[in-house]
Amino acid sequence: MSPSSDAPSSSSLSEALNFTTGQIVQEIGYDDDVDLDLRDAIEDLVGGELEDEDTQEIVDAVVLWWREGDGDLTDAMVDTLRNIDAGAPVWVLTPKAGRDGHVMPGEIQESAGVAGLRVMSSMNLAPDWTGTRLASRTS
């Protein structure tokens with residue numbers, strides 16, 4: 001994929017995601033449409049591969065790729081909490097408006113609330129993907 005002026009550089013991506021070397025990040029919802037440049041950048045930030053959705057590790061963050069039609073978003077958000085460290089972020093990555101699979105921000109907000117998460121911010125993370133940072137429970 002080509003770079004986009006609305007997608008952050010790797011240094012601003014590091015600041016935006018707030019991932020650091022050594023963190024364990026779980027990836028849920030991987031499919032052939034994910035942004036491989038963004039995945040590579042996340043792996044570079046943490047210095048290792050992303051854990052798959054079946055990991056039993058306690059993780060420092062979750063990246064959830066989600067598209068309209070993937071199922072129940074609330075259930076998926078609840079599943080992200082299964083083995084995440086208390087207070088750790090959940091990043092919900094959805095196709096941008098006008099792209100196949102776009103998810104309305106109101107649906108993310110509602111599902112997050114029901115799942116016990118809080119929407120903290122949203123930003124363009126890749127040419128075709130928007131990231132919404134959710135805060136998990138702190139205790």
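Which residues of strand 2 are buried on one side, and which on the other? On one side they are A61, V63 and W65, and on the other V62 and L64, so that both faces of the strand are covered. Buried denotes under 20% relative accessible area with a 1.4 Å probe, protein chains only.

The model is predicted: local features need pLDDT of at least 70, side-chain atom pairs count only at pLDDT 80 or more, and totals for chains, interfaces and linings use all residues. Residues are numbered from 1 along each chain as its sequence is written, and side-chain values use heavy atoms, with hydrogens and water left out.

**Overall architecture**
- The protein contains 4 helices and 5 strands, taken as DSSP runs (helices H or I, at least four residues; strands E, at least two) and numbered from the N terminus.
- Their order from the N terminus is α-β-α-β-α-β-α-β-β.
- Of the 139 residues, 44% count as buried.

**Strand 2 and its neighbours**
- Strand 1 (residues 25-28) runs parallel to strand 2 and is joined to it by 4 bridges; pairing requires at least two DSSP bridges between two strands.
- E27 has V63 of strand 2 as its bridge partner.
- Strand 3 (residues 89-95) is also parallel to strand 2, with 4 bridges between them.
- L64 has V92 of strand 3 as its bridge partner.

Definitions and conventions: Buried means under 20% relative accessible area, exposed over 50%, partly exposed in between (1.4 Å probe, protein chains only).
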